[in-house]
Amino acid sequence: VSTQSTGTKYAMYKLITLTLLFVLLVSPAFGTLGVDVSSPVFVNTWTCLKNNGYSFAVIRIYKSTGEVDSNGVHTVFNAWDGGMTHVDVYMFPCPRCSKSAATQVTEAVNYLRQYNAKYGMLWLDIEGPQYWTSSVADNRNFFLGLVNQAKSLGVSLGVYSSASQWGPIFGNWAGAPDLPLWYAHYDGVENFNDFVGFGGWSRPNIKQFRGDASVCSADVDLNWYP
């Protein structure tokens, strides 16, 4: 009887251990899921996203045409009202526009302050070499203008980019490795195991792991952080 009891306990222990190992292997590394959007999203959709496991949002508030996104602030409020735990914003700068980098950042920040919109980080969306000039030097100066103005305004700042976008725009350059990095790699995997350093960054903060997804009837990109 004693031998059978010990064997049964061992079998149960082994089963529990294997079950926990399986859960750890298939679960999304205990991370946090979120979405970024560049179009209006209403409260009911944010609530649906929350109910589907997404808890943070990153919302466009400045467009590549060199103007604020008139839908951005309203979507920020909607995200909070829909139950998002964290709400960040991003700006897509316009290096080819007549407005300086400092002016564009100021417009973006003042737009948010005008409506007393609460947000965490302002992310600089650095992608699309076609939106930038053919001069690496000019591009670097413009980028530094964005960063310096944001810092002077007391904004919590980060950079969204990837190795494939950063290099053609700036070359082999560490422009602001002190800033948090949100990188894109559409491998559908919720971890940083794929990350290869660029731009002076050796580790990222957020990963955009899937683009152009449809969740709760909204067009979103999917993001993860540990």
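Phenylalanine 143 touches Leu124, Ile126, Trp132, Val159, Trp166, Phe170, Trp173, Gly175 and Ala176, residues up to four places away in sequence being left out (contact means heavy atoms within 4.5 Å). The model is predicted, so to speak of local features takes pLDDT of at least 70 and side-chain atom pairs count only at pLDDT 80 or more, while totals for chains, interfaces and linings use all residues. Residues are numbered from 1 along each chain as its sequence is written, and side-chain values use heavy atoms, without hydrogens and water.

Phenylalanine 143 belongs to helix H5 (residues 136–152); helices (H or I, at least four residues) and strands (E, at least two) are DSSP runs, numbered from the N terminus. With a relative accessible area of 0%, phenylalanine 143 is buried (under 20%; exposed is over 50% and partly exposed in between, with a 1.4 Å probe and protein chains only). Phenylalanine 170 lies 27 residues from phenylalanine 143 in sequence, with 9.1 Å between their C-alpha atoms.

Helix H5 also takes part in a right-handed β-α-β unit with S5 and S6; right-handed means that, with the strands pointing away from the viewer, the path from the first strand over the helix to the second runs clockwise. S5 and strand S6 (residues 157–161) pair in the parallel sense over 4 bridges, where pairing requires at least two DSSP bridges. Leucine 122 has leucine 157 as its bridge partner in S6. Both faces of strand S5 (residues 122–125) are covered, with Leu122 and Leu124 buried on one side and Trp123 and Asp125 buried on the other.
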